[in-house]
Amino acid sequence: MKYPALENFASLLPQLDQFDCIIDARSESEFALDHIPGAINCPVLSDPERVRVGTMYKQINAFEAKKVGAALVAKNIARHIETLWLDKPKEWRPLVYCWRGGNRSGSMALILAKIGWPAVQLDGGYKAYRAHISTALLTAPLPEFKVICGTTGSGKSRLLQVLDSIGAQVLDLEQLAAHRGSVLGNLPSKPQPSQKMFETLIWEKLRRFDPARPVFVESESKKVGQLRVPDALMDKMRQSPCVSLTLSRPNRVRLLMEDYQHFTESPDMLNTQLDCLTQLHGRDKIDSWHALASGGQMPVLVDELLAAHYDPAYLRSIDRNFIQVGQAEVVQLDDIGEADFLAAAHHLHAASASPDMLTA
């Protein structure tokens, strides 16, 4: 084969994991918004450099802009080779892409191929990859789901984490979205990814699942924080068999106190979030909750939030949105210890495993 080879994403997908390196030649901001899983960012033009060259195109002319751009591209590619790839053997096989599979990835792939590496350039670039993801999330067959339902604080996310740790197939949408899925669910130390990155992360998980085995997922709303769950995935989840996880309210308060410790340490941040509920509960109620938060009465506040907001909201929506919840298997947690979640996870995993897995 003559290198650099130019291949489309459909032909590359079965061998995507076989490349020694996936190189995203776009700028830092483009990469941050979304990228092929596992890619590293090696810009041939940085964000400021793109602005500089683009301005020259508009204000001077294309020829002058291309001269400056070529010099910058050459310097940047040389730096990447010197700092990242000088130790790579002749068999090292990189995949290179940019926005549309044009000059940025073409320049890098050509130089890598001229050195002697079997470089491949993605035809159509990130744009072609993104089109594939959008189509796949809309039309590709989805696995069979088992939906973990339960009121706020019942331990659904913890159960998913334990299921994952013992080898069950898990799609943890809240983990992928960096959000706990409620008005108080934002993680202050971790911003949410872009919508495109969220969809990339979902696609990456889905494509690796064994279709012969069920996938455990939480009974999410259509939005996890500011991010939308893809429609086809949401529809399939809502039609799937359910598991109803139950835990006493005192234990739910304890669990939430552990999971939302950042609010305990910063009542002002909690009060800001509580203001989002003013329209639902009125100013007087919100002020009383502010007083509990500021006064350090967090367990009392959490119990009131469960009784007045979260539990009624859950009961209003669960039967309407998840059609098999009435036939759900009930899993009772007696406590919130590690052993409790491990026992529940083993029970669910064993019940969902194929006979071949059980005898392996």
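Student: Are α14 and α15 roughly parallel or roughly antiparallel to each other?

Tutor: Keep in mind that this is a predicted model. Two packed helices are described by the angle between their axes and by the distance between those axes. Here, helix α14 (residues 278-294) and helix α15 (residues 298-321) pack at about 160°, their axes 9 Å apart. Angles over 145 degrees count as roughly antiparallel. Therefore α14 and α15 are roughly antiparallel. The crossing of α14 past α15 is left-handed.

Student: Which residues make the contact of α14 with α15?

Tutor: From α14, they include Leu280, Trp289 and Leu292. From α15, Val300, Leu301 and Leu305 are among them. The contact residues divide into 9 nonpolar, 2 polar and 2 charged.

Student: At what angle do the axes of α4 and α5 cross?

Tutor: Roughly 50°, for helix α4 (residues 62-85) and helix α5 (residues 103-115). The axes come within 11 Å. That angle makes α4 oblique to α5. This crossing is right-handed. Val73, Ile77, His80, Ile81 and Trp85 of α4 meet Ser107, Met108, Ile111, Leu112 and Ile115 of α5. By type, that is 8 nonpolar, 2 polar and no charged.

Student: Which residues touch the most other members of the largest nonpolar core?

Tutor: In soluble globular proteins, nonpolar side chains tend to be buried together. In this model the largest core has 44 residues, and Ile36, Leu171 and Leu173 touch the most other members. Helix α6 (residues 125-139) supplies the largest share, 5 residues. A second, separate core has 22 residues, including Met56, Ala65, Ile77 and Ile81.

Student: What does Leu173 contact beyond its neighbours within four places in sequence?

Tutor: Its partners include Phe198, Ile202, Val217 and Glu220.

Conventions:
Residues are numbered from 1 along each chain as its sequence is written. This is a predicted model: local features need pLDDT of at least 70, side-chain atom pairs count only at pLDDT 80 or more; totals for chains, interfaces and linings use all residues. Side-chain values use heavy atoms; hydrogens and water are left out. A nonpolar core is a set of buried Ala, Val, Leu, Ile, Met, Phe, Trp, Tyr and Cys residues joined through side-chain atoms within 4.5 Å. Buried means under 20% relative accessible area, exposed over 50%, partly exposed in between (1.4 Å probe, protein chains only). Helices (H or I, at least four residues) and strands (E, at least two) are DSSP runs, numbered from the N terminus. Contact means heavy atoms within 4.5 Å. Axes are lines fitted to C-alpha atoms, for helices over the stretch in contact, and angles run from 0 to 180 degrees between N-to-C directions. Angles under 35 degrees count as roughly parallel, over 145 as roughly antiparallel, 65 to 115 as roughly perpendicular and the rest as oblique. A crossing is left-handed if the near helix is turned anticlockwise from the far one by less than a right angle, and right-handed if clockwise. Ala, Val, Leu, Ile, Met, Phe, Trp, Tyr, Cys and Pro count as nonpolar, Asp, Glu, Lys and Arg as charged, and the others, Gly among them, as polar.
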